[in-house]
Amino acid sequence: MTLRRLKTYTGGQGYVYQYYFVGKRAALADAVEAPASEFIFDVTSDRKTTFAVSVFLQSDAMLAWATRHGRELNEAEQYGAVKMRLFQAFDEIEDMMAHGRRLLVSDSTLQDATEKLGVE
């Protein structure tokens with residue numbers, strides 16, 4: 001049995017989210033976001049209904065970042081950028097269950113996230 005670490009984030013819309021990281025996998029080939037890595041989180045804002053949120057880190061964005069910086073992002077840096085995108089959604093999307101289940105980390109989003117994290 002896997003013990004999950006439940007974390008809390010207060011979003012800009014006033015909701016208090018609880019979430020935990022489920023896992024990472026390659027995005028399905030027929031997914032609109034592919035090619036990408038899919039990071040999956042289970043999320044709740046009411047402690048009753050839990051739903052999955054997928055954050056897609058696009059391969060093109062990773063390649064562009066590596067080209068600009070002369071190195072690839074490591075796993076921890078990738079996860080940090082993905083969490084920044086999740087937090088951005090918590091801050092900006094009022095109804096995450098209806099409108100925030102598939103999030104994208106594009107080239108510009110990745111660059112912004114790594115700058116905020118101090119990753120060079």
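A salt bridge is counted here where a side-chain nitrogen of Lys or Arg lies within 4 Å of a carboxyl oxygen of Asp or Glu. The model is predicted, so local features need pLDDT of at least 70 and side-chain atom pairs count only at pLDDT 80 or more, while totals for chains, interfaces and linings use all residues. Residues are numbered from 1 along each chain as its sequence is written, and side-chain values use heavy atoms, with hydrogens and water left out.

**View 1. Salt bridge between arginine 102 and glutamate 33.** The closest N and O atoms of arginine 102 and glutamate 33 are 2.8 Å apart. Arginine 102 belongs to strand E5 (residues 102-105) and glutamate 33 to the loop between E2 and E3, so the pair ties together parts 69 residues apart in sequence. Strands (E, at least two residues) and helices (H or I, at least four) are DSSP runs, numbered from the N terminus. Glutamate 33 is buried, with a relative accessible area of 12%. Buried means under 20% relative accessible area, exposed over 50%, and partly exposed in between (1.4 Å probe, protein chains only).

**View 2. Salt bridge between glutamate 38 and arginine 25.** In this pair the closest N and O atoms of glutamate 38 and arginine 25 are 2.9 Å apart. Glutamate 38 is in strand E3 (residues 36-44) and arginine 25 in strand E2, so the bridge ties together parts 13 residues apart in sequence. Glutamate 38 is buried at 5% relative accessible area, whereas arginine 25 is partly exposed at 42%.

**View 3. Salt bridge between lysine 24 and glutamate 75.** Lysine 24 and glutamate 75 have their closest N and O atoms 3.1 Å apart. Strand E2 (residues 16-26) holds lysine 24 and helix H2 holds glutamate 75, so the pair ties together parts 51 residues apart in sequence. Lysine 24 is partly exposed, with 35% relative accessibility. The salt bridge count for the model comes to five.

View 4. A pocket is an open set of points on a 1 Å grid over the protein atoms alone, where a 1.4 Å probe fits, with protein on both sides within 12 Å along at least five of seven lines; lining residues have an atom within 4 Å of a point. The largest pocket has a volume of about 200 Å³, the volume being the space filled by probe spheres set on the points, which are joined across faces, edges and corners. Helix H2 (75-92) and helix H4 (107-117) each supply at least two lining residues, and H2 gives the most, with six. The lining includes Tyr9, Met84, Phe87 and Lys116. Its residues divide into five nonpolar, two polar and four charged; Ala, Val, Leu, Ile, Met, Phe, Trp, Tyr, Cys and Pro count as nonpolar, Asp, Glu, Lys and Arg as charged, and the others, Gly among them, as polar.
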